[in-house]
Amino acid sequence: MNSVVHLSSPRFRGPDLKDLVAKTAFGDQEAFSRLYDAVAGPVLGLVRRVLRDPAQSEEVTQEVMFELWRTASRYEPQRGEVLPWVLTMAHRRAVDRVRAAQASADRDQKAAARSHTPAFDEVAEQVEDRLEREQVRRCLEALTELQRESVTLAYYRGYTYPEVAELLGTPLGTVKTRMRDGLIRLRDCLGVGS
């Protein structure tokens, strides 16, 4: 015997949802409890299909049920059945949650992208520094021995002019002149404006 059972038959319809919504609109807690029992399962099922996260689905279902309690007076029986009305609320709430989560992820991703300097910039900067060092090295090699030693001791080792003169065993005036001439040649070699 193959009989088809219709969920719309009176035997499976359960409580009159329109009546329960009307009573809920007047603050009837017993009516809301029965309404909750009748629609919470389908609401949770729909929300779970949209969100796929059980914990968030339960949270959104509770939000929908709270919204149902608050907005029961807005239900208009002539515009349709209760369950589709409630499921529409649930679907909208679930989609809003998905959109909010996506917007949050997008904001986080943009913030991370703004705070991170791409690695290629670091590489480019390192290459540029190395090229500059090589150019300085070539320009230093073009100086006379006394100029190169004077500039290296003063600018790379931190010695004062009198200390350079003492280290090189050269008169202070000669060291100053060689350094001035050496710095001018470096400036010209490096292409630095005066």
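Predicted model: local features only at pLDDT ≥ 70, side-chain atom pairs only at ≥ 80, totals over all residues.
Residues are numbered from 1 along each chain as its sequence is written, and side-chain values use heavy atoms, with hydrogens and water left out.

The axes of helix 4 (residues 54-71) and helix 5 (residues 82-115) cross at roughly 130 degrees and come within 10 Å. Axes are lines fitted to C-alpha atoms, over the stretch in contact for helices, with angles from 0 to 180 degrees between N-to-C directions. Helices are DSSP runs (H or I, at least four residues) numbered from the N terminus.

On the helix 4 side, the contact (heavy atoms within 4.5 Å) includes Gln56, Val60 and Leu68, and on the helix 5 side it includes Trp85, Met89 and Arg97. The residues of this contact divide into eight nonpolar, two polar and five charged.

The structure also holds one disulfide, a pair of cysteine sulfur atoms within 2.5 Å. Cysteine 139 and cysteine 189 form the link, with their sulfur atoms 1.9 Å apart. Cysteine 139 lies in helix 6 and cysteine 189 in helix 9, so the pair ties together parts that are 50 residues apart in sequence.

Burial is classed by relative accessible area (buried under 20%, exposed over 50%, partly exposed in between; 1.4 Å probe, protein chains only).

| Residue | Relative accessibility | Class |
|---|---|---|
| Cysteine 139 | 3% | buried |
| Cysteine 189 | 37% | partly exposed |

Conventions: Helix = DSSP H or I, 4+ residues; strand = E, 2+ residues; numbered from the N terminus. Nonpolar A, V, L, I, M, F, W, Y, C, P; charged D, E, K, R; others polar.
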